[in-house]
Amino acid sequence: MGQAARFEIYFILGSAGAAALLAWTGVGWGLVWPLAVGPFLARNLYYLFRLAALVRRKHRLAPPFPRGLWGEIFRTIAQYQQRGRKRRKRQIRFIRRFREATVSVPDALVVLDKRKRIEWANPAAAVLMDVQWPRDDGKLLTDVIDQPHLNEHIDAGDYHRPIEIAPVHNRALMLSLRISPFGERKRQRLLVARDITKLYHLNMIRRDFVANASHELRTPLTVIAGFLESLADSPLTPAQHRRPMELMHNQSERMRSIIDDLLTLSRLEMDDRSGELAAVDVPAELRLVLHEAQALSGGLHEFAAQVDPDLLLIGNQPELRSAFSNLVYNAVRHTPPGTRIEVVWRDDGSGPLFAVHDSGDGIEPQHIPRLTERFYRVDKARSRASGGTGLGLAIVHHVLNRHDAQLVIASEVGTGSSFSCRFPSASGMRREQAEPATHAVATSG
Ligand SMILES: Nc1ncnc2c1ncn2[C@@H]1O[C@H](COP(=O)(O)OP(=O)(O)OP(=O)(O)O)[C@@H](O)[C@H]1O
Ligand SMILES: [Mg+2]
């Protein structure tokens, strides 16, 4: 407290004492008012009104300040004001820097409120997605960009995987779009779109190259395999040439099967959705697959099946058959004789589950994440000898992706392996549900 203020307090206490003394000695209040309290009260009222007026008009308090207590009050308020000004300046600087950073981000950023209205977007969003801010401020995202696929994705609420979109305003672009929920109860969303045009084209070139090369090789190989087969069987072929002919025929057949697998993979890759969906009778498919697997095993494996006979799956029948058979044949081809193979098909509450468990040699953990890569084999020599090319699990992976399902591989060396396909709950169907529907279609058609 300053000296002037202290003096003022002494003055107040002193005049109060003097007033009391005067009152006690009988001089009375009449003299005390005008002499002591009057000017003091007038000064206080003046500064009180002045301060009220300055604060009301949001004026900045600046020196010179009055002396005494009022001076301290004015000075303290001025300090608060200055601190507030500094904080605001810092915030403005921070916001400006943040804005500058978002302007220089090459990815499109769009903030949506909980009702999918555009709250903010950076300049890249104008170029990549045609969302222009502030022009589109407050508009529904669906009114600004025509992407029904994106709208469904936002509503679905599962943002683990990015989606690819081709913006309508610029057909040359391809974007990979990711959504992150944020804010209160995670109901606001940040859309981040990355330009993947180059990557997409490179991928397309690779895919087309593999598809075209496989397609071109298929016909000559068919001719070679056909002639080799007839030459190997022909009585005109000298006996010493027969064995090499047979080997050549086997190898050309192997090449044909590789090419067929590559063509299947390219076809699966073209589109990440399965075309024709129907209720697939999985128990019936598994009966056939198991029958063929037993033939392949030649009685060297022990089979068990735990199949729910009334559980069907909405999906693409040939694709599912190929995926399931790949997994069951793998359990036969990549395990030693005497292995027990169990096939499971049931709904365990979290959706339909197809699994193949075997008690084979197992797979070392470092190989597991790579098994779905094309041509990846744990033991190349052994796998090749058993006729494998390493494309089977890549096909399984693609088929499951197209069915929104997941492949889970668990294996322990010396104990065995499990390959499980987990399908979304909505894709399962009971047989009794499927049959009235087929009946209705049949009668209406
Ligand atoms: N049940 C299993 N037990 C042990 N190893 C397995 C099992 N299933 C797959 N593998 C390993 O994973 C590799 C990849 O399997 P994938 O089905 O992709 O190819 P493949 O069976 O060798 O050939 P393809 O299926 O194309 O004819 C196999 O080569 C094998 O090493
Ligand atoms: Mg296989």
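Partly exposed here means a relative accessible area between the buried limit, under 20%, and the exposed limit, over 50%. The legends below describe close-ups of a predicted model.

**View 1. Arg430 and Asp308 meet in a salt bridge.** Nitrogen and oxygen lie 3.0 Å apart in this side-chain pair. Arg430 belongs to strand E13 (residues 428-430). Asp308 sits in the loop between strand E7 (302-307) and strand E8 (311-315). The pair therefore ties together parts that are 122 residues apart in sequence. Arg430 has a relative accessible area of 30%, so this residue counts as partly exposed. Asp308 is at 19%, which makes it buried, because the limit for buried is under 20%.

**View 2. Arg135, Asp136 and Lys139 form one salt-bridge network.** The bridges share partners, and that joins the three residues. Asp136 pairs with Arg135, the closest N and O atoms being 2.9 Å apart. Asp136 also pairs with Lys139, with the closest N and O atoms 3.1 Å apart. Asp136 is buried, at 1% relative accessibility. Arg135 is partly exposed, at 48%. Lys139 is partly exposed too, with a relative accessible area of 36%. The structure as a whole holds 16 salt bridges.

**View 3. Helix H9 packs against helix H10.** Two packed helices are described by the angle between their axes and the distance between the axes. Helix H9 covers residues 282-297, and helix H10 covers residues 317-333. Their angle is about 35°. The axes are 9 Å apart. H9 passes H10 in a right-handed crossing. On the H9 side, the contact is made by Val282, Glu285, Leu286, Leu288, Val289, Glu292, Ala293, Leu296 and Ser297. H10 contributes Gln317, Arg321, Phe324, Ser325, Val328, Tyr329, Val332 and Arg333.

**View 4. Four residues make a nonpolar patch on the surface.** The members are Leu41, Leu45, Leu48 and Phe49. Together they have about 390 Å² of accessible area. Leu41 is found in helix H2, which spans residues 29-56. What is the relative accessibility of Leu41? The value is 38%, so Leu41 counts as partly exposed.

Notes:
Residues are numbered from 1 along each chain as its sequence is written. Chains are lettered from A and ligands numbered from 1 in the order in which they are written. This is a predicted model: local features need pLDDT of at least 70, side-chain atom pairs count only at pLDDT 80 or more; totals for chains, interfaces and linings use all residues. Side-chain values use heavy atoms; hydrogens and water are left out. Patches are made of residues with over 30% relative accessible area and no salt bridge: like charges are joined within 9 Å, nonpolar side chains (Val, Leu, Ile, Met, Phe, Trp, Tyr) within 5 Å. Accessible areas come from the Shrake-Rupley method with a 1.4 Å probe; for residues, only the protein chains shown count as cover. Helices (H or I, at least four residues) and strands (E, at least two) are DSSP runs, numbered from the N terminus. Buried means under 20% relative accessible area, exposed over 50%, partly exposed in between (1.4 Å probe, protein chains only). Axes are lines fitted to C-alpha atoms, for helices over the stretch in contact, and angles run from 0 to 180 degrees between N-to-C directions. A crossing is left-handed if the near helix is turned anticlockwise from the far one by less than a right angle, and right-handed if clockwise. Contact means heavy atoms within 4.5 Å.
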